[in-house]
Amino acid sequence: MKKAKEGWKELEDGGRIIVAGNSVLYKTGDWRTNRPVWDESKCTQCMICWLTCPDSSIPAKDKKRIETDFDHCKGCGICAEVCPVKCIKMKPETDFQ
Amino acid sequence: MNLKDLSIREDRLAPGHRLCPGCAASIIARIVMLATDKPIVATCATGCLEVSTTIYPYTAWKVPWMHNAFENSAATLSGIETAYQVMKKKGKIQKDIKFVAFGGDGGTYDIGLQSLSGTLERGHDIVYICYDNEAYMNTGVQRSSSTPYGTDTKTTPTGKASFGKDQFKKDLTAVVAGHHIPYVAQASPHNYNDLLRKAEKAFATKGPAFINVISPCVPGWGYPSEKTLTMAKLAVETCFWPLYHIEDDVWILDYDPKDKKLPITEWLKTQARFRHLFKPENADVIKRIQEHVDKDWDKLKKQCGVK
């Protein structure tokens with residue numbers, strides 16, 4: 001069943017947002033027209049793509065990058081551009097449907 | 001600190017904000033906030049970063065964050081910092097907290113200049129970051145005092161009677177340096193190590209610190225979204241945006257392209273906002289821009305004691 005939208009009674013005083021970083025609930029991944037395809041075998045884990053992703057969509061775990069967060073990646077292509085070993089390629093999103 | 005060690009730190013800007021694909025503002029905000037492991041309180045001037053990261057009922061900030069008005073992000077932060085100092089004195093807070101304000105060029109060069117100047121003069125222990133995208137991008141590319149000479153914007157349209165903006169860009173970094181605060185720097189997101197180092201230094205500095213960071217804008221400048229960092233790099237390589245810092249009134253040049261200094265056209269030709277300058281009738285405009293860049297570069301080198 002669809003949950004009813006929150007009414008004004010559920011709002012915080014002054015319209016404050018009390019959950020830090022709750023924008024993760026908003027999926028910006030559907031903006032994407034090109035998808036970054038990451039070849040892990042070629043990756044040297046230099047972490048430049050992790051640092052320069054404008055959408056914080058390349059998660060890091062134990063000092064290594066892991067697969068792109070496709071719920072939020074907007075497909076700008078900066079990761080493919082900065083990759084020193086070119087292990088990220090941009091492919092049209094239509095190839096994946 | 002290398003990037004691998006840095007990657008265990010918590011990212012303070014969450015995904016899901018609605019900045020354009022390829023926006024440099026969020027890259028800058030992320031890099032700056034990764035430069036310290038201490039708790040941060042942030043404020044934003046009105047602008048792209050503020051509007052797009054906090055569309056109600058969402059926020060992308062994982063730190064206490066406040067927006068007040070367009071003109072007073074620095075004044076708001078100075079109030080928060082003063083409250084913190086008082087509470088620390090009274091023993092209500094023990095933690096070491098850092099304070100950072102983010103403003104675009106509109107909120108820093110133009111509208112927020114008085115509040116920034118006051119905050120710097122009063123000597124609050126804060127860091128101010130200006131992400132300079134060289135126009136009012138949030139409202140649809142109107143000229144600001146940071147917009148370069150000859151730029152096509154909505155309020156300086158080009159045509160038979162006009163070649164774009166008729167004034168040169170304000171040198172805000174030098175204006176801030178005139179306040180003789182402990183740390184002032186100019187940085188670029190393409191040189192992330194330099195930006196990280198400068199942000200680290202700014203947070204460690206007691207008293208006000210200011211960093212001016214160039215922030216290429218995909219729709220406003222007119223280039224493909226993956227080229228954001230390349231645009232910043234070209235601005236540095238052509239010496240349009242030199243990297244330097246001023247510590248206790250001593251000017252230090254951080255990057256000198258020497259013989260590899262590119263002509264300004266290498267940077268201009270990559271962007272739609274300068275497209276009209278390549279028409280034959282505007283050749284003298286490009287000449288004037290090049291002369292201005294060379295003059296500023298020579299002046300800076302002299303100031304930094306570099307030959």
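This is a predicted model: local features need pLDDT of at least 70, side-chain atom pairs count only at pLDDT 80 or more; totals for chains, interfaces and linings use all residues.
Let's start with B:Arg197. What does its side chain meet? B:Arg197 and B:Asp194 form a salt bridge, at 3.9 Å from N to O. Both residues sit in helix H8 of chain B. They are three residues apart, about one turn of the helix. Is B:Asp194 buried or exposed? B:Asp194 has 5% relative accessibility, so it counts as buried. Elsewhere, B:Asp132, B:Glu134, B:Lys169 and B:Arg273 are joined into one network by salt bridges that share partners.

Why do such pairs form? Side chains of opposite charge can pair when their charged atoms come close.

Next pair: B:Asp125 and B:Lys206. This is a salt bridge too, with the closest N and O atoms 3.7 Å apart. B:Asp125 lies in the loop between helix H6 (113–122) and strand S4 (127–132) of chain B. B:Lys206 lies in the loop between H8 and strand S6 (209–214) of chain B. So the pair ties together parts that are 81 residues apart in sequence. B:Asp125 is partly exposed, at 22% relative accessibility. B:Lys206 is exposed, at 66%.

Now, across the chains. How many salt bridges are there between chain B and chain A? The count is two. Over all chains, the count comes to 20. One pair that crosses between chains runs from B:Asp5, in helix H1 of chain B, to A:Lys63. A:Lys63 is in the loop between strand S2 (60–61) and strand S3 (64–65) of chain A. The closest N and O atoms of B:Asp5 and A:Lys63 are 2.8 Å apart. Both partners are partly exposed: B:Asp5 at 28% relative accessibility, A:Lys63 at 33%.

On to the interface as a whole. 37 residues of chain B are in contact with 36 residues of chain A. The buried area between them is about 3200 Å². Carbon and sulfur atoms give 63% of that area. There are also 19 residue pairs in polar contact between the two chains. Which elements of chain B give two or more residues to the side that touches chain A? Helices H1 (3–6), H2 (24–34), H8 (192–204) and H10 (228–237). The largest share, five residues, comes from H2(B).

Last stop, the surface. A:Trp8, A:Leu11 and B:Tyr56 form a nonpolar patch there. Together they have about 390 Å² of accessible area. B:Tyr56 lies in the loop between helix H3 (48–53) and strand S2 (65–67) of chain B. At 44% relative accessibility, B:Tyr56 is partly exposed.

Methods:
Residues are numbered from 1 along each chain as its sequence is written. Chains are lettered from A and ligands numbered from 1 in the order in which they are written. Side-chain values use heavy atoms; hydrogens and water are left out. Patches are made of residues with over 30% relative accessible area and no salt bridge: like charges are joined within 9 Å, nonpolar side chains (Val, Leu, Ile, Met, Phe, Trp, Tyr) within 5 Å. Accessible areas come from the Shrake-Rupley method with a 1.4 Å probe; for residues, only the protein chains shown count as cover. A salt bridge is a side-chain nitrogen of Lys or Arg within 4 Å of a carboxyl oxygen of Asp or Glu. Helices (H or I, at least four residues) and strands (E, at least two) are DSSP runs, numbered from the N terminus. Buried means under 20% relative accessible area, exposed over 50%, partly exposed in between (1.4 Å probe, protein chains only). Contact means heavy atoms within 4.5 Å. Buried area is the accessible area (1.4 Å probe) that two parts lose on being put together, summed over both. A polar contact is a pair of N or O atoms within 3.5 Å; within protein, one must be able to donate a hydrogen and the other to accept it, and residues adjacent in sequence count only if both atoms are side-chain atoms.
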